[in-house]
Amino acid sequence: MAQVSLKGISKAFPNGAKVVNNLSLGVENKEFMVLVGPSGCGKSTTLRMIAGLEEASEGDIYIGDRLVNDVPAKDRDIAMVFQTYALYPHMTAFENMAFGLKLKHYPKNEIIQRVNEAAEILSIKHLLNRKPRELSGGERQRVAVGRAIVRKPKVFLFDEPLSNLDAKLRVQMRTEINKLHTRLQTTIIYVTHDQVEAMTMGDRVAVMRAGVIQQVADPISIYDHPKNKFVAGFIGSPPMNFMSGKIIKKSGKLYFLEGKVQVKLVDEMFDKISKYIGQDIVFGIRSEDIYDKLFVSEAPPENIVRVTCEVVEPMGSEVYLHLNTGTNTFIARVGAHDRPVVNADIDMVFDMSKVHFFDKETEETIV
Ligand SMILES: Nc1ncnc2c1ncn2[C@@H]1O[C@H](COP(=O)(O)OP(=O)(O)OP(=O)(O)O)[C@@H](O)[C@H]1O
Ligand SMILES: [Mg+2]
């Protein structure tokens, strides 16, 4: 059993910078937890504290039931895969993978067996006699993962292991690591700044910003119910569209008003939004919840907005439209064969049952 539990951990560096702030997170046994956030938000520092490579300034770290604050890295029963792979250049792939076991005085037979087993899983048996400089980036990455696997750790820590790979290999390795998790059935904490990796790999995702966890949930809950504007804008590609405007009331109904845009709220949102009547508010809508009116058979007139189509980006399976309201720009994802005229006006339909509202001051989600 290897759950990981972080209780109120903080990290302040000697220069005074507090880069992780009172962070609590429970990772269940065998769970794949992704820590995601923008560059510099404290992801690696958090991972390094779990690994024992960095001391926590405050708080407690448990691996399994054991408080490990004072346990040296080598005795924490974790294995970490670094972004840079950190392979020893003068050793072959085999020696790199075997090194940790050798240090722990494992019998030779056991070492050979474990390395071969890991090499089999990672399809790198034919590379075992090569040195890192004779391997491609993807192959080095596999060796680095192999080095972690042979140790049969309680917990795997991955720090952006795919960020040095080209786009295609990254997608492939993402699948490989997913399969590996299913096969090895171990706890994984995986750090990335790539929200697509977070969505596709995590059982749960912890979104971090400036040393503070914003939300922890399964990927779909985070996507559908972001806790605040930051999470809403960070998870999803293209990012959620935001517009600042006002809530107004007309004939007993609520509308969101921004420049040329006026759309009617669904009745279900009335209670939560009515206290914002006459006030500024932030409106959010995902690009897939905006449709070209041309392809909607019965669009409610109060959900239609007339905007200018500035750019048409065909992506193959879909088309991104860059639209301008006069004061705001936003992106809609429409069908692959939609080709509106550039710089002409176009009517778009908002699916008002899918929109979000955020408090202008706190940026917390209202609905
Ligand atoms: N040894 C250190 N001394 C002082 N500040 C540090 C030290 N190590 C990291 N930092 C700072 O702590 C913050 C968090 O760094 P960290 O490496 O954890 O970020 P990250 O989320 O992993 O970012 P990235 O996605 O770029 O890897 C950064 O602002 C960084 O400059
Ligand atoms: Mg990092």
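## Exercises on a predicted model

At 1.5 Å a residue, the 14 residues of helix 3 (residues 108–121) should span 20 Å, and the end C-alpha atoms are 20 Å apart, so the two values agree. The expected span is 1.5 Å times one less than the number of residues. Helices (H or I, at least four residues) and strands (E, at least two) are DSSP runs, numbered from the N terminus.

This is a predicted model: local features need pLDDT of at least 70, side-chain atom pairs count only at pLDDT 80 or more, and totals for chains, interfaces and linings use all residues. Residues are numbered from 1 along each chain as its sequence is written, while chains are lettered from A and ligands numbered from 1 in the order in which they are written.

**Exercise 1. Find the buried side of helix 3.**

Step 1. Apply the cut-offs: a residue is buried if 20 or more other C-beta atoms lie within 10 Å of its own, exposed if 12 or fewer, and partly exposed in between, with C-beta atoms placed from the backbone.
Step 2. Ile-111, Val-115, Ala-118 and Ala-119 of helix 3 are buried.
Step 3. These residues cover an arc of only 100° around the axis, so they lie on the same side of helix 3. The arc is that of the directions from the helix axis to the C-beta atoms.
Step 4. Turn to the face directed away from the buried side of helix 3: Asn-109, Glu-110 and Glu-120 are exposed there.

**Exercise 2. Describe the shell around ligand 1.**

Step 1. A residue counts as near if its C-beta atom, placed from the backbone, lies within 6 Å of the molecule.
Step 2. The shell has 13 residues, and Phe-13, Ser-39, Lys-43, Ser-44 and Thr-45 come nearest to ligand 1.
Step 3. Helix 1 (residues 43–51) gives the largest share of the shell, three residues.
Step 4. Sort by class: four are nonpolar, eight polar and one charged. Here Ala, Val, Leu, Ile, Met, Phe, Trp, Tyr, Cys and Pro count as nonpolar, Asp, Glu, Lys and Arg as charged, and the others, Gly among them, as polar.

**Exercise 3. Give the strand order of the five-strand sheet and name its edges.**

Step 1. Two strands pair if DSSP finds at least two bridges between them.
Step 2. The order is 15-19-16-17-18, in an open sheet with antiparallel pairing.
Step 3. Strand 15 (290–292) and strand 18 (329–335) are the edges, each pairing on one side only.
Step 4. Neighbouring strands of this sheet are turned by 50° against each other on average, direction ignored. Axes are lines fitted to C-alpha atoms, for helices over the stretch in contact, and angles run from 0 to 180 degrees between N-to-C directions.
Step 5. Look inside the sheet: strand 16 (residues 304–314) and strand 17 (residues 318–324) run antiparallel, joined by six bridges. Val-312 stands opposite Leu-321 in strand 17.

**Exercise 4. Check the backbone of Pro-238, Ser-123 and Glu-160.**

Step 1. Ser-237 and Pro-238 are joined by a cis peptide bond, with omega about -5°. Pro-238 sits in the loop between helix 8 (229–234) and strand 11.
Step 2. Ser-123 is not a glycine, yet has a positive phi of about 55°. Ser-123 belongs to the loop between helix 3 and helix 4. With 11 other C-beta atoms within 10 Å, Ser-123 is exposed.
Step 3. Glu-160, also not a glycine, has a positive phi of about 45°. Glu-160 counts as partly exposed because it has 19 C-beta neighbours inside 10 Å.
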